[in-house]
Amino acid sequence: VAGSVYMLTGAGGNIGVSVGDDGIVVIDDQFAPLAPKIKAALAAITDEPLRFVINTHFHGDHTGGNEAFGRDATIVAHENVRKRLATGNRPAPDGALPILTFNHSATIHLNGEDIRAVHFPKGHTDGDSIIWFTRSGVVHMGDHFFHDSFPFVDTNSGGTVDGYIRNVDMVLSTLPDGVKIIPGHGPLSDKEGLRRFLEMLNETRTVVAGAIRAGKTREQMKSENILGKWEKYGSGFINTERWLEKLDAELRK
């Protein structure tokens, strides 16, 4: 990607990797069955040991490899990630739980890099962190960025649409030109890609809010295809209908 940072793609969320003489720091680790492939990919980059894993949030496509990697590395995450992994419908084994948790932020000083994890509340979930590789000029957004797709906002796990939009706006306002952005899902992006994503979020929210004020039902909105302008964003995990439903449900609260 840039500097000492790599990006690995696979069946789960995108993986960020910092490499150097001090070892490896991995951001997220996809699904458990992919751990051998991830280890092979890391070995192709460097023969230095894995030191830390940072989870951007608790969903299984970002934490599934925790147990495999936790045998060799320290797992770091916001405290709500540990709570949700430990108490979910299918609690994770102890070896998959973060053993170092933080409330607001944490920084790992490794490979000449300040790798900074900052909690952004009430966004995708209640435990999301966004990761800055400060020297390399790279940001890993976790699932606060679905490149050219509608996002999944997990309202059952403390996420909110308004918080999600607020968090993305806050991050974008801090980013320098030339920054490389690793999304939670989708290809590598940049500041302009994140700006387009934020514009889509704001515009679709505004359109649905206007329809609600006009007294339209959800079914009327669907039949009128009020989000048709943004249809291209509906080819991912969340289609246009599901995004409309999410916006409508939260705005009516």
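Colleague: How many nonpolar, polar and charged residues are in the lining of the largest pocket?

Modeller: Read a lining by class before reading it by name. In this predicted model, the lining of the largest pocket holds 5 nonpolar, 9 polar and 3 charged residues. The space in that pocket is about 440 Å³. Among its 17 lining residues, F58, G60, L85, R90 and A92 are the closest to the centre.

Colleague: Which elements give two or more residues to that lining?

Modeller: They are α2 (60–63), α3 (66–70) and α4 (79–87). The largest share, 3 residues, is from α4.

Colleague: What is the order of the strands in the open sheet?

Modeller: The 6 strands run β1-β2-β3-β4-β5-β6, and their pairing is mixed. β1 (5–8) and β6 (100–102) are the edge strands, each pairing on one side only. From one strand to the next, the twist averages 20 degrees. Helix α1 (residues 35–45) packs on this sheet and touches β1, β2 and β3, with its direction at about 150 degrees to that of β1. Helix α4 also packs on the sheet, touching β5 (74–78) and β6, and its direction makes about 105 degrees with that of β5.

Colleague: In which sense do β2 and β3 pair?

Modeller: Strands β2 (residues 15–20) and β3 (residues 23–27) are antiparallel, over 5 bridges. Within this pair, V17 stands opposite V26.

Colleague: Why does E231 count as partly exposed?

Modeller: Compare the value with the class limits. E231 counts as partly exposed because its relative accessibility is 40%, between the 20% and 50% limits. E231 sits in the loop between α7 (218–224) and α8 (240–252). Beyond its neighbours within four places in sequence, E231 contacts N225 and T240.

Definitions and conventions: Residues numbered from 1 in each chain as written. Predicted model: local features only at pLDDT ≥ 70, side-chain atom pairs only at ≥ 80, totals over all residues. Heavy atoms only, no water. 1 Å grid on protein atoms, 1.4 Å probe; cavity = no way out; pocket = protein on both sides within 12 Å on 5 of 7 lines; lining within 4 Å. Points joined across faces, edges and corners; volume = space filled by probe spheres on them. Helix = DSSP H or I, 4+ residues; strand = E, 2+ residues; numbered from the N terminus. Nonpolar A, V, L, I, M, F, W, Y, C, P; charged D, E, K, R; others polar. Buried < 20%, exposed > 50% of the residue type's maximum accessible area, 1.4 Å probe, protein only. Contact = heavy atoms within 4.5 Å. Pairing = 2+ DSSP bridges. Axes fitted to C-alpha atoms, helices over the stretch in contact; angles between N-to-C directions.
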